[in-house]
Amino acid sequence: MWKEFNFNMNREEKKTIADSANMIVDGYSFTKDDNTIKVVNLNISEPHSMIMTLDGKMLESSMDPIEQTIAMDIWDKDREFMEV
């Protein structure tokens, strides 16, 4: 299901990601896939994403450190509300 992006995301691609997300907070989409969470920053056109464990440990990322911190903080605060 995950597609690696090598280009800017257009509105339609962002909508597809948002529609498949289990939770969106502050423009960051969170989608559960087996035992991992994929986070995509929908606020920007470049495809910045991160894969982390359910307990919030980062496995891989194309996000900058500030985006990573924001996404992890959101996950820590709001994961209980995620529909899975």
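Visitor: Which residues does Glu46 touch, not counting residues up to four places away in sequence?
Guide: This is a predicted model, in which local features need pLDDT of at least 70 and side-chain atom pairs count only at pLDDT 80 or more, while totals for chains, interfaces and linings use all residues. Residues are numbered from 1 along each chain as its sequence is written, and side-chain values use heavy atoms, with hydrogens and water left out. Contact means heavy atoms within 4.5 Å, and, when residues up to four places away in sequence are set aside, Glu46 touches Asn8, Met9 and Asn41.

Visitor: What is the relative accessible area of Glu46?
Guide: Glu46 is found in the loop between strand S3 (36–41) and strand S4 (49–53), where helices (H or I, at least four residues) and strands (E, at least two) are DSSP runs numbered from the N terminus. A residue is called buried under 20% relative accessible area, exposed over 50%, and partly exposed in between (1.4 Å probe, protein chains only). Glu46 counts as partly exposed because its relative accessible area is 37%.

Visitor: Is Ser49 buried or exposed?
Guide: Ser49 is found in strand S4, and, leaving aside neighbours within four places in sequence, Ser49 is in contact with Lys38, Val39, Val40, Ser61, Ser62 and Met63. The relative accessible area of Ser49 is 16%, so this residue is buried.

Visitor: How many Å apart are the closest N and O atoms of Lys15 and Asp19?
Guide: Side chains of opposite charge can pair when their charged atoms come close. Lys15 and Asp19 are 4 residues apart in helix H1 (residues 11–20), so about one helical turn separates them. A salt bridge is a side-chain nitrogen of Lys or Arg within 4 Å of a carboxyl oxygen of Asp or Glu, and Lys15 forms one with Asp19, with the closest N and O atoms apart by 2.8 Å.

Visitor: With which residue does the side chain of Arg79 meet in a salt bridge?
Guide: A search of the whole structure finds 2 salt bridges. At 3.9 Å, N to O, the side chain of Arg79 meets that of Asp76.

Visitor: What pattern does the chain follow, read along the sequence?
Guide: There are 2 helices and 5 strands in the chain, and 39% of its 84 residues count as buried. Read along the sequence, the pattern is α-β-β-β-β-β-α.
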